[in-house]
Amino acid sequence: MGNTQAEVGIVFNQTASPAEIPRATEVAQTLVEAVSNPNSTFNISVDASSIQVIQINPTTAAPTSLNTTITTATVAATTTTTTASVTTTTTTTTTTTTAEALTTRRVTFRSAGETFTIELSNPSSSAFTSRATMIKSALEPFYRNEFSSFRFLNVISFSNGSIINNINLGFASTSVPSNTQIANVLVTAASNITAFDIETTSISVDGTQVSSGVSHKISLITASCLALLSWRLSSQQ
């Protein structure tokens with residue numbers, strides 16, 4: 001911040017009489033009042049005590065002028081420089097999306113009385129695409145209505161034996177229905193779908209055969225024990 005001295009010349013009407021021209025003290029007082037006015041629009045700060053007015057009366061008057069008075073005011077002004085610092089804050093919001101864990105179940109069922117064609121073994125064929133779309137649109141509503149954790153149904157392949165249909169069902173891993181529950185939906189759908197056949201006794205889930213909602217997977221050891229028990233019973237007769 002520094003001080004600047006300004007010299008300002010004030011010229012009054014040349015046709016004014018000496019009595020009409022204000023005195024130097026009046027000029028100074030007017031300037032003091034102007035710079036001291038709180039409503040002043042000056043963008044500089046003026047030291048009122050530094051105002052000095054020097055009156056100059058010319059000795060030669062112009063033919064059309066009775067008197068000319070030139071008043072020079074000297075003002076000491078204080079120039080203030082203000083630097084505004086603007087801080088910009090940027091807020092970054094990061095959204096983290098966690099992929100849902102899914103569990104897939106392979107479901108197989110037979111469509112009895114339907115004929116398998118070689119085109120059904122090719123996923124790019126129109127026959128495969130048409131049947132896959134038909135099965136998907138027919139079965140998805142049943143699983144969606146039954147399980148809130150159901151996420152998708154994809155047709156994987158078809159094989160010979162009338163037509164063996166292999167599909168994948170996706171569920172949220174936090175709530176996966178049992179094999180029996182999955183099979184029971186197909187059993188229910190079988191009595192409501194006419195576009196293709198669902199042989200309820202052929203349903204299997206992840207390799208476990210489930211017929212009419214009852215699991216029939218028998219291990220080799222269990223089968224051997226049953227065979228041995230049957231032999232001993234028959235030998236005692």
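Student: Why is Phe-171 called buried?
Tutor: Its relative accessible area is 0%. Buried means under 20%, exposed over 50%, and partly exposed in between, with a 1.4 Å probe and protein chains only. Phe-171 is therefore buried. The model is predicted, so local features need pLDDT of at least 70 and side-chain atom pairs count only at pLDDT 80 or more, while totals for chains, interfaces and linings use all residues. Residues are numbered from 1 along each chain as its sequence is written, and side-chain values use heavy atoms, leaving out hydrogens and water.

Student: What makes Phe-150 and Phe-171 an edge-to-face pair?
Tutor: The search of the whole structure finds six aromatic pairs. For Phe-150 and Phe-171 the ring centres are 5.9 Å apart and the planes 70 degrees apart. Rings of Phe, Tyr and Trp (its six-membered ring) pair if their centres lie within 6.5 Å; planes under 30 degrees apart are stacked, over 60 edge-to-face, the rest tilted.

Student: Why does Phe-150 count as buried?
Tutor: Its relative accessibility is 3%, so Phe-150 falls under the 20% limit.

Student: Which residues do ring pairs link into a cluster?
Tutor: Tyr-143, Phe-147, Phe-150 and Phe-171.

Student: How do you know that the side chains of Ser-111 and Asn-165 make a polar contact?
Tutor: The distance is 2.9 Å. A polar contact is a pair of N or O atoms within 3.5 Å; within protein, one must be able to donate a hydrogen and the other to accept it, and residues adjacent in sequence count only if both atoms are side-chain atoms. The pair therefore qualifies.
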